[in-house]
Amino acid sequence: MIPESFIQDLLGRVDIVDLVDSYVPLKKAGANYSACCPFHNEKTPSFTVSPSKQFYHCFGCGAHGTAIGFVMEYQGLGFVDAIKDLAARTGMVVPESEGGQARQENGGQLRALVEIMARAAQYYKEQLKRSPKAIEYCKKRGLTGEIAARYGMGYAPDGWQNLQAVFPDYNADTLKAAGLVIENEAGRRYDRFRDRLMIPIINQKGEIIAFGGRVIDQGEPKYLNSPETPLFEKGRELFGLPQARQALRETNTAIVTEGYMDVIALAQNGVGNAVATLGTATTPTHVQKLLRQVDRIVFCFDGDNAGRNAAWRALQIALEALADTTQIGFVLMGFNLLYGVA
């Protein structure tokens, strides 16, 4: 339980105008500031931020609240995560009741892993620019440089220990904990991802927590994801959610696909509100995350047996979370069928 005194102190240190302006450009409008609402699609600004009341309100959709509420709604975070996000911005430390020391140490480990993943992603991006083979593959898939940049795509070169160029301490425990290297029975290490197009998996805070790798030539497995790590729990994450945030608000609809290349291909063709599960069936957490941001979810799967089974599983999970204002729908590719459930 976070003490109420800490929450009030936090709100006292956060300037909601600066906070909102870092996400949505604000314009001075008398004593307040205004913008087009980030929570629904509009052409005339009806969203206002009050510096004196430290409050935001939209006269169009009714969204309103404090800095904590804004972070929760804009980033799709829960209450505690929103407080932690704001506390990190102000340099405050969220008090812990029991087990605080263990959680603090765990937080230090997570920050170290986030830094390692960011360094690896930068290396992969540089390697993509230097690989004619990887660039040619992207062109064959119809991917533009703009889309590659939007999703932070890179390339892991062929070879066993390329990451040693980035991490001189190649035997560090953190590299293994991050899922970047594999250690065989003889204790020899090698890179997990080799000769693959690399797609970072980003959480709602904008941190790289895992990678997906698509083989360039022939090889198995065709798609390889990071293993579960202290940063990455696949049943809780959706690929493409940070990039889709604006389109989700504009359409009030989320399209859930089977893989990250489906999401990227849809974005390349102007459909920006798609996300994908990461090698796992749809979970209650996936559905809850999406229903915090949209009122309608459309699951788009292949029409084969595996796709139909995935759709049935998603239906069972989603029905438990449906409210009067929410909808789910299903598209099974190849069967030209659209099933809707209100």
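Asp 304, with a relative accessibility of 40%, counts as partly exposed, a class that lies between buried (under 20% relative accessible area) and exposed (over 50%), as judged with a 1.4 Å probe and protein chains only. The model is a predicted one, in which local features need pLDDT of at least 70 and side-chain atom pairs count only at pLDDT 80 or more, whereas totals for chains, interfaces and linings use all residues. Residues are numbered from 1 along each chain as its sequence is written, and side-chain values use heavy atoms, with hydrogens and water left out.

Asp 304 is located in the loop that runs between strand S14 (296-302) and helix H12 (305-319), where helices (H or I, at least four residues) and strands (E, at least two) are DSSP runs numbered from the N terminus. Together with Glu 258, Asp 262 and Asp 302, Asp 304 forms a negative surface patch, a patch being made of residues with over 30% relative accessible area and no salt bridge, in which like charges are joined within 9 Å. A salt bridge here is a side-chain nitrogen of Lys or Arg within 4 Å of a carboxyl oxygen of Asp or Glu.

A further loop, between strand S6 (154-156) and helix H8 (173-177), holds Asn 171, which counts as exposed at 56% relative accessibility. Between Asn 171 and Pro 51, which are 120 residues apart in sequence, the C-alpha to C-alpha separation is 51 Å.

With a disulfide taken as a pair of cysteine sulfur atoms within 2.5 Å, the count comes to 0 disulfides. The cysteine sulfur closest to that of Cys 37 belongs to Cys 58, at 3.6 Å, which is too far for a bond. Cys 37 is buried, with a relative accessible area of 5%, and Cys 138 is also buried, at 8%.

Technical notes:
Patch = residues over 30% accessible without salt bridge, like charges linked within 9 Å, V, L, I, M, F, W, Y side chains within 5 Å. Areas by Shrake-Rupley, 256 points an atom, 1.4 Å probe, with all protein chains shown as cover. Lys, Arg positive; Asp, Glu negative; His and termini not counted. Charge placed at Lys NZ, Arg CZ, Asp CG, Glu CD.
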